[in-house]
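The entries follow the order in which I worked.

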Amino acid sequence: MKIRISEKLDDLNTLLEEIKKGSNEIGSVIIFVGSVRGISNEGEKVLRLEYEAYEEVAVKTLRNIIADLKNKYGIIDAIVEHKVGSAGVGEDTVYALIASKHRKEGFKSLIELIERLKHEVPIWKKEITEKGSRWIENI
Amino acid sequence: MIRVKVKYFGRLHELLGVREEEYEVDEITLADLLLNYIPSRHESSANAWKENIFVTIRGEVAIDKNGMPMLKNHVILVKGKSQDLTYKLKDGDEIAILPPVGGGTK
């Protein structure tokens, strides 16, 4: 398990190689890449996003989520990296990799991981558009 | 007197213009800290603070049946553990006030 919150994400291919090396039982790696969209939900042109995290709690929460997924779906391993700081349009902000024996539990785990990442992990996102800025919150 | 550290995230640190600060207080509750001490130190943002943090009715903080102010979608962690507003602060506590986290659309 690897969890990293940083201003710079690691190279995705390196992460893929890293997770595959962990076990010879791995038959599937499902990858999620989150990146910055150029148009906001309100149709405004996005200039950049700014992320901030309560890092120690974010890491702990992600560790618990991955432990839950291991128990629930029997996945073998997971890596999550999340960017903090400023991210321009097109820039990658999240990498999540789920390694499992078979694809089915990998897909289910990845969906649950990302949903919980968005709702439980203390990372905040501010959207800066041509018309202004606002914090994006799931209320 | 006890000394505690308070951390603000997201729009709260923007509102108050500070990411973290210390308070020297008596052994008060979290409710006292949020309702009285923080707005007193940040007078110019006091009303906006209360409206961000608490459920308000016509500008007044709503009180629940136990006499506690009603939080609005915020989580309060003390040393990384969620606490309600009746929690009594202890020396060395680190309090983090977390606005709702932001994810995005599905």
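My notes below cover confidence, each chain, a helix, the contact between the chains and a few single residues.

**Entry: confidence**

I note at the start that this is a predicted model. I looked up the scores for the complex: the predictor gives an ipTM of 0.87 and a pTM of 0.92. For chain B I also took the mean pLDDT, which is 93. In that chain, 96% of the residues reach 70 or more.

**Entry: chain A overall**

I counted elements next. Chain A has three helices and eight strands. Along the sequence I read them as β-α-β-β-α-β-β-β-α-β-β. The radius of gyration of chain A is 16 Å, close to the 14 Å that the globule rule gives for 139 residues, so chain A is as compact as a globular protein of that length. I then took the extent of the C-alpha trace of chain A along its principal axes and got about 50 × 30 × 25 Å.

Burial came next: 29% of the 139 residues in chain A are buried. I also checked how far apart in sequence the contacts of chain A reach. Among contacts between residues at least 6 apart, 76% join residues at least 24 apart.

**Entry: helix α3 of chain A**

Which residues of α3(A) are buried? I listed A:G106, A:S109, A:L110, A:L113, A:L117 and A:K118. Viewed down the axis of α3(A), these buried residues fall within an arc of 160 degrees, so they line one face of the helix. On the other side of α3(A), I found A:K104 and A:H119 exposed.

I then asked what covers the buried residues of α3(A). The cover includes the strands β2 (28–35), β4 (77–83) and β6 (92–100) of chain A, together with the helix α2 (55–73).

**Entry: where the chains touch**

I turned to the contact between the chains. On one side are 18 residues of chain A, in contact with 15 residues of chain B. Which elements of chain A each supply at least two residues to its side? They are α2, α3, β7 (123–129) and β8 (132–136). I sorted the side of chain A that touches chain B by class: nine residues are nonpolar, three polar and six charged.

**Entry: chain B overall**

I repeated the survey on chain B. Its secondary structure comes to three helices and seven strands. From the N terminus on, I read β-α-β-α-α-β-β-β-β-β. With 106 residues, a compact globule would have a radius of gyration near 13 Å, and chain B has 13 Å, which agrees. The C-alpha atoms of chain B fill a box of roughly 45 × 30 × 30 Å along the principal axes.

In chain B, 27% of the 106 residues count as buried. For contacts in chain B between residues at least 6 apart in sequence, I have 45% joining residues at least 24 apart.

**Entry: positive phi in chain B**

I looked here at backbone angles. Most residues other than glycine have a negative phi. B:R58 is not a glycine, yet it has a positive phi of about 50 degrees. I placed B:R58 in the loop between β3 (56–57) and β4 (60–61) of chain B. Is B:R58 buried or exposed? It counts as exposed, with 5 C-beta neighbours inside 10 Å.

B:N73 went on the list too, with a positive phi near 55 degrees. This residue lies in the loop between β4 and β5 (75–78) of chain B. I found B:N73 partly exposed, with 13 other C-beta atoms within 10 Å.

**Entry: B:P39**

B:P39 lies in α2 of chain B, residues 30–41. I found B:P39 partly exposed, with 18 other C-beta atoms within 10 Å. Leaving out residues up to four places away in sequence, B:P39 touches B:A46, B:W49 and B:K50. I also took one C-alpha distance: B:P39 and B:L16, 23 residues apart along the chain, are separated by 9.4 Å.

Terms used. Residues are numbered from 1 along each chain as its sequence is written. Chains are lettered from A and ligands numbered from 1 in the order in which they are written. This is a predicted model: local features need pLDDT of at least 70, side-chain atom pairs count only at pLDDT 80 or more; totals for chains, interfaces and linings use all residues. Helices (H or I, at least four residues) and strands (E, at least two) are DSSP runs, numbered from the N terminus. The radius of gyration is taken over C-alpha atoms; the globule rule is 2.2 Å times the number of residues to the power 0.38. A residue is buried if 20 or more other C-beta atoms lie within 10 Å of its own, exposed if 12 or fewer, and partly exposed in between; C-beta atoms are placed from the backbone. Two residues are in contact if their C-beta atoms, placed from the backbone, lie within 7 Å. The arc is that of the directions from the helix axis to the C-beta atoms. Ala, Val, Leu, Ile, Met, Phe, Trp, Tyr, Cys and Pro count as nonpolar, Asp, Glu, Lys and Arg as charged, and the others, Gly among them, as polar. pLDDT is the predictor's confidence in each residue, from 0 to 100.
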